[in-house]
Protein chains: 2
Amino acid sequence: MKQLQVTIEGSGRHIHLTKECLETLFGAGYELEPKKFLSQPGEFASSSKVDVVGPKGTIKGVSILGPCRPFTQVELSFTDARILGINPPIRQSGNIAGSAPVTLIGPAGKAELKEGAIVAKRHLHISKADADEYGIKNEEIVQIKVGGERGLIFDEVVARVSDKFETVVHLDYDEINAAALFGDNAVGTVLR
Amino acid sequence: MKQLQVTIEGSGRHIHLTKECLETLFGAGYELEPKKFLSQPGEFASSSKVDVVGPKGTIKGVSILGPCRPFTQVELSFTDARILGINPPIRQSGNIAGSAPVTLIGPAGKAELKEGAIVAKRHLHISKADADEYGIKNEEIVQIKVGGERGLIFDEVVARVSDKFETVVHLDYDEINAAALFGDNAVGTVLR
């Protein structure tokens with residue numbers, strides 16, 4: 001059977017903001033400027049950054065991704081969470097109900113979020129064309145095998161199918177480090 | 001077939017020192033005092049700490065394990081390595097030839113190590129009795145499966161058999177975080 005090879009990208013800590021929260025942090029009428037476009041069409045890293053504060057520590061200069069979303073969400077690794085002293089749940093993006101509280105500090109104001117901090121669940125963005133070809137369904141849990149000195153098989157990888165997606169696996173840097181997936185050519189194989 | 005269940009322990013950054021290096025850092029005649037005994041018989045965390053310095057940063061207060069060894073070795077995670085700005089290889093303990101240089105700073109002096117910083121290769125300490133019962137040989141590569149929200153199968157786990165060992169898997173905190181193996185009851189299953 002044909003096996004799907006996928007690019008693996010590390011996803012560093014980052015923040016999605018509502019328009020309202022963006023203006024609280026940066027001032028009325030503020031707009032995010034794209035600094036670098038990401039693998040998912042339309043998504044970009046902006047040049048705007050804020051500090052993230054928890055009960056035990058602060059992480060300075062965390063990147064804000066654009067465009068604005070209908071929810072404010074802070075995606076962290078467990079390494080980050082330990083620095084901040086918070087206990088975020090493992091969630092898919094957008095599923096923030098009851099997630100960890102955290103404070104954002106921008107140049108024009110601060111936002112004390114009652115919830116919003118998560119550790120992203122491992123996920124495979126997959127194009128509709130690839131999903132059809134390999135018979136992978138939206139929300140299906142797949143395994144991704146990687147080789148090398150720290151080879152492993154990631155289980156619990158959720159597939160997210162869209163005709164707007166490039167096919168790519170997103171892991172956080174704890175996961176990237178655990179598998180030693182350094183460099184621009186990290187790839188994995190989808191097992192099923 | 002009977003499967004071996006093993007306890008999984010996180011192994012934080014730590015340092016092993018030669019007696020000579022210990023005296024360079026802390027002064028002539030200095031002795032390490034056991035603060036906490038570890039799962040491997042005779043090994044202990046001491047109350048002595050030094051700073052580890054690399055070209056890009058410093059990690060303060062890194063624990064020294066005892067007793068002294070015939071080599072000086074600094075075991076780090078890739079998260080730590082990035083803070084320091086060094087590029088350590090993945091190695092078994094004791095195999096430090098050509099590993100990364102790093103500087104240690106103690107209260108009485110400093111040691112500029114030409115080599116010695118490694119990222120520990122995942123390993124399974126296994127008692128002779130368990131190894132015999134499950135047919136696992138010294139230096140054999142095994143897989144360890146863990147469940148939960150970040151379930152995965154660690155490949156490239158080297159088995160180290162000794163009648164002096166407790167049976168336990170040692171991972172660094174990048175690996176612990178990647179698999180969300182928190183709490184005192186983390187276990188895995190050896191696959192073969």
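How many residues of chain A are in contact with chain B? I started my notebook with that one, keeping in mind that this is a predicted model.

**Entry 1: the interface**

I found 17 residues of chain A in contact with 17 residues of chain B. I then looked up the elements that give two or more residues to the side of chain A that touches chain B, and they are α2 (78-84), β12 (152-162) and α4 (173-178) of chain A. The most comes from β12(A), with five residues. Sorting that side of chain A by class, I got seven nonpolar, four polar and six charged residues.

**Entry 2: how the copies are related**

I laid chain A on chain B and got an RMSD of 0.0 Å, using a turn of 180 degrees and a shift of 0.0 Å along the axis. The two copies are thus related as by a two-fold rotation axis. I also compared the two sides of the interface: 100% of the interface residues of chain A are interface residues in chain B as well, so the copies meet through the same surface.

**Entry 3: strands across the interface**

Next I followed β12(A), which three bridges join to strand β12 (residues 152-162) of chain B; the two run antiparallel. Which residue of β12(B) is the bridge partner of A:Ile153? I noted that it is B:Ile153.

**Entry 4: the core**

I looked up the largest nonpolar core and found 46 residues in it. Those with the most contacts inside this core are A:Ile144, A:Leu152, B:Leu124, B:Ile144 and B:Leu152. I picked B:Ile144 and, leaving out residues up to four places away in sequence, listed what it touches: B:Val6, B:Leu124, B:Phe154, B:Val157, B:Val169, B:Gly188 and B:Val190.

**Entry 5: helix α1 of chain B**

Just after the helix, I noted a positive phi of about 110 degrees at B:Gly27.

**Entry 6: A:Ile15**

Last, I turned to A:Ile15, in strand β2 (residues 14-16) of chain A. Is A:Ile15 buried or exposed? I counted 25 other C-beta atoms within 10 Å, so A:Ile15 is buried. Not counting residues up to four places away in sequence, A:Ile15 touches A:Val50, A:Val62, A:Ile64, A:Leu65 and A:Val74. I also checked A:Lys2, 13 residues apart from A:Ile15 along the chain: their C-alpha atoms are separated by 37 Å.

Terms used: Residues numbered from 1 in each chain as written. Chains lettered and ligands numbered in written order. Predicted model: local features only at pLDDT ≥ 70, side-chain atom pairs only at ≥ 80, totals over all residues. Least-squares fit on C-alpha atoms with pLDDT ≥ 70 in both. Contact = placed C-beta atoms within 7 Å. Helix = DSSP H or I, 4+ residues; strand = E, 2+ residues; numbered from the N terminus. Nonpolar A, V, L, I, M, F, W, Y, C, P; charged D, E, K, R; others polar. Pairing = 2+ DSSP bridges. Core = buried A, V, L, I, M, F, W, Y, C linked by C-beta atoms within 7 Å. Buried ≥ 20, exposed ≤ 12 C-beta atoms within 10 Å, placed from the backbone.
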